[in-house]
2 protein chains.
Amino acid sequence: MASQAKAAVNRAIKALLRRDDDLARRTKDDDCIIDQLEMEIDEAAIKLLAQAPALLDLRLITMAMKISHDLERVGDEATTISRRCLELSREPPLKQQLDLPTMAALALEMLKEALDAFVHRAPAKARSVIPKDEEVDALNKRLHGELAKHMAEEPQTITRCLNLMVVSKSLERIADHATNIAEEVVYLYEGQDIRHAGSKGNDQ
Amino acid sequence: MASQAKAAVNRAIKALLRRDDDLARRTKDDDCIIDQLEMEIDEAAIKLLAQAPALLDLRLITMAMKISHDLERVGDEATTISRRCLELSREPPLKQQLDLPTMAALALEMLKEALDAFVHRAPAKARSVIPKDEEVDALNKRLHGELAKHMAEEPQTITRCLNLMVVSKSLERIADHATNIAEEVVYLYEGQDIRHAGSKGNDQ
């Protein structure tokens, strides 16, 4: 499920940069695979919980359910990006979109590291993911400001600017999900609930 | 937790309409109470799961965890609305914001009905919540279109229009969370997973 979600984000961004409508459409259509995986994981988790597992396994199972939900949302964001991509490719590209690959690379790196931390039982690695969320927030905020300014200067670009704002916000949300996963991994292996302690909740 | 989340949305919208910065600030600050409740519910749920509950209780406990996560997100949306409210009250109001109370009332009604269905074990009532999500999506889409048009006609309103778009999108997301809760209630009492079958995922 994790590799499907990461691949979906990758494809959505690739489709945006290459103006590849086919790839955008396929990415959108494949989201149902990720949705299906979430339901299968939940079902398997409930079956496992019914076997009265030990406390650590119980935490593992419930955190796996939470992580799978975060991944499902990452897939939804890839769908959002793909939809915007189909709208954006109808008009000439704006230079502001050049900032998106940096944001995408950072968000995907956070996602990869949080999932590696889960698989390798490495809460310290998970902790190192969390501060990166601020970088993505800052990139999103800067791009949002630039796009708002550009809209005022060239009103004929408003639709494109709004679409790019949505893409940027989607990438910021993917980084939030990676942060959630990292916090869930810390809770799983250290027993400490560090959710809601940080700076998530930038809503630009 | 449900009444705190509903009250937060109510207060955020009231603050927006009355241009009441104090209320907006209090709503934002009180979000930590909802966050804290989510962590307490998760902890209690894991303790209950450790007691090897019967299958139906197991489903109840896991769905309660999911519902509490949706409510936590509803609280986050109330915070987003409150932040935008603080920005909006610095400039003259736009007439487009008159559509927001209708959307807010509909989203809050969905939330109330989904939670009633949970408490009263009424999956049929939960099912009746789901189609209303399309109405909120349609209202959000219409308002988004009107605001985009207004931006182009009067570029000096761009910042305000962007803030109103975020508020509208937040209300649309609250309706999505109510739909999630309704689907979780159907799964809990009917054993049928109806997530990802509907029309959620409008990303305007």
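1. Interface size. The contact between the chains takes 28 residues from chain A and 28 residues from chain B. Two residues count as in contact if their C-beta atoms, placed from the backbone, lie within 7 Å. On the side of chain A that touches chain B, α3 (31–49), α4 (55–88), α7 (132–153) and α8 each supply at least two residues. α4(A) gives the most, with eight residues. By class, that side of chain A has 15 nonpolar, six polar and seven charged residues. Here Ala, Val, Leu, Ile, Met, Phe, Trp, Tyr, Cys and Pro count as nonpolar, Asp, Glu, Lys and Arg as charged, and the others, Gly among them, as polar.

2. Basis. This is a predicted model: local features need pLDDT of at least 70, side-chain atom pairs count only at pLDDT 80 or more, and totals for chains, interfaces and linings use all residues. Residues are numbered from 1 along each chain as its sequence is written, while chains are lettered from A and ligands numbered from 1 in the order in which they are written. Helices (H or I, at least four residues) and strands (E, at least two) are DSSP runs, numbered from the N terminus.

3. Helix α8 (residues 158–190) of chain A meets helix α7 (residues 132–153) of chain B, with axes that come within 10 Å and cross at roughly 130 degrees. That makes α8(A) oblique to α7(B). Angles under 35 degrees count as roughly parallel, over 145 as roughly antiparallel, 65 to 115 as roughly perpendicular and the rest as oblique. Axes are lines fitted to C-alpha atoms, for helices over the stretch in contact, and angles run from 0 to 180 degrees between N-to-C directions. The crossing of α8(A) past α7(B) is right-handed. A crossing is right-handed if the near helix is turned clockwise from the far one by less than a right angle, and left-handed if anticlockwise. The residues that meet are I158(A), T159(A) and L162(A) in α8(A) and A148(B), M151(B) and A152(B) in α7(B). By class, this contact has five nonpolar, one polar and no charged residues.

4. Helix α8 of chain A. Of the 33 residues of α8(A), 29 are buried, so this helix is largely enclosed by the rest of the structure. Buried takes 20 or more other C-beta atoms within 10 Å of the residue's own, exposed 12 or fewer, and partly exposed lies in between, with C-beta atoms placed from the backbone. The end C-alpha atoms of α8(A) are 47 Å apart, which agrees with the 48 Å its 33 residues should span at 1.5 Å a residue. The expected span is 1.5 Å times one less than the number of residues. G191(A) follows α8(A), and its phi is positive, near 75 degrees.

5. Packing inside chain A. Helix α1 (residues 2–18) of chain A packs on α4(A) at an angle of about 15 degrees, with the axes 9 Å apart. The two helices are therefore roughly parallel to each other. α1(A) passes α4(A) in a left-handed crossing. Among the residues that meet are A5(A), V9(A) and I13(A) in α1(A), and L71(A), G75(A) and S82(A) in α4(A). The contact has 14 nonpolar, two polar and no charged residues by class.

6. Helix α1 of chain B. α1(B) has 17 residues and reaches 24 Å from its first C-alpha to its last, close to the 24 Å expected at 1.5 Å a residue. Its buried residues include K6(B), R11(B) and L16(B). The buried residues of α1(B) pack against α2, α3 (31–49), α4 (55–88), α5 (100–119) and α8 (158–190) of chain B.

7. R19(B) lies in the loop between α1 (2–18) and α2 (21–29) of chain B. Its phi is near 55 degrees, a positive value in a residue other than glycine. R19(B) counts as partly exposed, with 14 C-beta neighbours inside 10 Å. A52(A), in the loop between α3 and α4 of chain A, has a positive phi of about 50 degrees although it is not a glycine. With 14 C-beta neighbours inside 10 Å, A52(A) counts as partly exposed.

8. I41(A) is found in helix α3 of chain A. With 19 other C-beta atoms within 10 Å, I41(A) is partly exposed. Not counting residues up to four places away in sequence, I41(A) touches M1(A), A64(A), M65(A) and S68(A). The C-alpha atoms of I41(A) and S68(A) are separated by 7.3 Å, at 27 residues apart along the chain. D133(A), in helix α7 of chain A, counts as buried with 23 C-beta neighbours inside 10 Å. D133(A) and L106(A) are 27 residues apart in sequence and 8.9 Å apart in space, C-alpha to C-alpha.
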